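Subject: Structure handover

Hello,

Here is the structure I said I would pass on. Please open it next to this message and follow along as you read.

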Amino acid sequence: MKNGSMAIALSIMMMVMTTGCNSNDNGSGTANTMTTTYKDMIVGETATDIKAELKILTNRTDLIDTDFSEYIDEFTSMYPNVTIKYEGITNYENDVTTRLTTGDWGDICCIPATVSLTDLGNYFESFGDYSYFENVYELSDSKMYDNKVYGLPTMGNASGIVYNKSVFEEAGIEELPTTPDEFLNALQKIDDNTDAIPMYTNYAAGWTLTAWDSYITGSTGDANYKRNTLIHKSNPFSRQDDLTGPYAVYYTLYEAVARGLTEEDPTTTNWEGCKSQINAGNIGCMVLGSWSIPQMKEAGEHDDNIAYMPFPIEVNGKQYASAIADYCYGVNINSSADNKTAAMLYIKYLTESSGYALTQGGIPIVKGDEYPDFLQSFQDVTLVSDNPALKGEERYFDDINNMSEISFDSDPTHVARIIEAAIDGTKTFDEIMDEWNVAWTKAQENVGVTVN
């Protein structure tokens, strides 16, 4: 099932469940209400005698026995009556989307993209009013509805391209490209002058392809574009004269594949294997969020060669980069009062004290915290994060996105089809964009939005 259809099914199932779940009752007749709000919590001081057994669902299967284990040890030294267990899930979006409908999935999860903003309150406890978080945390409006925050980011991601400096130097690339055509020319130089694969698509992994959707906001330089402009824009996937916007993002992918500047057989790409390959200089670059940097650095002996560059699009001569929230922590609305309190204390520890964002190559969530060294290369780039939708229009993007079956951010199928068409030549890129425009327009009509 495509995630767009899954999201719709999820909403229907939740409507059936709300009679039983929205009572917020723990089965004993006592409401699951916390006694301390998140903003008033002080880790190591608040409720240190609390007893709870927390279960956490995570997509980071690689960190369960390392970083997460260390976080548990540090937190439970302050909260000895709290036990914490992580469950790693490989097929995260699909599996967790299904499990959410049961209500009995644990206490903390990384909220799947399939949950619409308007449905957040059916699943997750509110952390509090946005008016508090907007002054304290970055990107805290990512899972916000009706001024209530239901999810807090694990970290933020700067959207760029991870590359091997040594490969770029060997290819004769003296300056980092700032436009799609300059980037494609750079890939051609890598192909001509080195033995490295110019750009690795990670097609076979599937989930990695949704990274391309993250560049839409940066390709416009407009924080209102994705959640406000796009839902009202007529034919938003058409080519712009200055080669900016969504067309330019996916054009870059299509042309790289069509020109033979990627791996020979995308079906054989290997996510774990690509880390050591780019570290060793066998891959020139990959389009991934900043979270990928530590993994590439740690995969071999050439960590100094791993670097990060902005996505090659300029708007009026200036470069922008999308800054987006990574997965957001959500607390099960059906957990007991003590488990909710312990869960929020642990999330506060993770976001404010653990150092997770710094070690994982992300933008720290607490305003003013230190950035990773490799993001210093973005000092001349303006980071842009999506503004929330206007009041009353919170559902529009999700509804249009699902109905069009393009499914930005949640399903990689639309990106995979670009790669497939570029390989076999069944469709030109403009034909694909025309199809997207038709699907988006029909969805706009069904939702009933005004098109400009």
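Which side chain meets Glu 138 in a salt bridge? The partner is Lys 367, with an N to O distance of 3.4 Å. Glu 138 is in the loop between helix 5 (130–133) and strand 5 (143–145), and Lys 367 is in the loop between helix 13 (356–359) and strand 14 (382–384), so this pair ties together parts that are 229 residues apart in sequence. Glu 138 is partly exposed, at 25% relative accessibility. Lys 367 is also in the partly exposed class, at 36%.

Before you go further, note that this is a predicted model.

Other salt bridges

The count for the model comes to 14 salt bridges.

- Glu 272 and Lys 275 form a salt bridge through their side chains, at 3.1 Å from N to O. The two residues are 3 apart in helix 10 (residues 271–280), which means that about one helical turn separates them. Lys 275 has a relative accessible area of 7%, and because buried means under 20%, this lysine counts as buried.
- Lys 39 pairs with Asp 40, and their closest N and O atoms are 3.6 Å apart. Lys 39 is partly exposed, with a relative accessible area of 46%, and Asp 40 is partly exposed too, at 45%.

One side of a helix

Next, look at helix 3, which covers residues 92–100. Which of its residues are buried? They are Tyr 92, Glu 93, Val 96, Thr 97 and Leu 100. These residues cover an arc of only 115° around the axis, so they lie on the same side of helix 3.

Glu 182 has a relative accessible area of 39%, which makes it partly exposed.

- Leu 243 is not a glycine, yet its phi is positive, at about 50°. Leu 243 sits in the loop between helix 8 (225–232) and helix 9 (245–258). Is Leu 243 buried or exposed? At 9% relative accessibility, Leu 243 is buried.
- Ser 407 also has a positive phi, near 60°, and is a residue other than glycine. Its place is the loop between helix 14 (396–404) and helix 15 (413–424). Ser 407 is buried, with a relative accessible area of 0%.

Arg 417 is in helix 15. With a relative accessible area of 52%, Arg 417 is exposed. How far apart in space are Arg 417 and Phe 311, C-alpha to C-alpha? The distance is 21 Å, and the two residues are 106 apart in sequence.

Regards

Terms used. Residues numbered from 1 in each chain as written. Predicted model: local features only at pLDDT ≥ 70, side-chain atom pairs only at ≥ 80, totals over all residues. Heavy atoms only, no water. Buried < 20%, exposed > 50% of the residue type's maximum accessible area, 1.4 Å probe, protein only. Helix = DSSP H or I, 4+ residues; strand = E, 2+ residues; numbered from the N terminus. Arc of directions from axis to C-beta. Salt bridge = Lys/Arg side-chain N within 4 Å of Asp/Glu carboxyl O.
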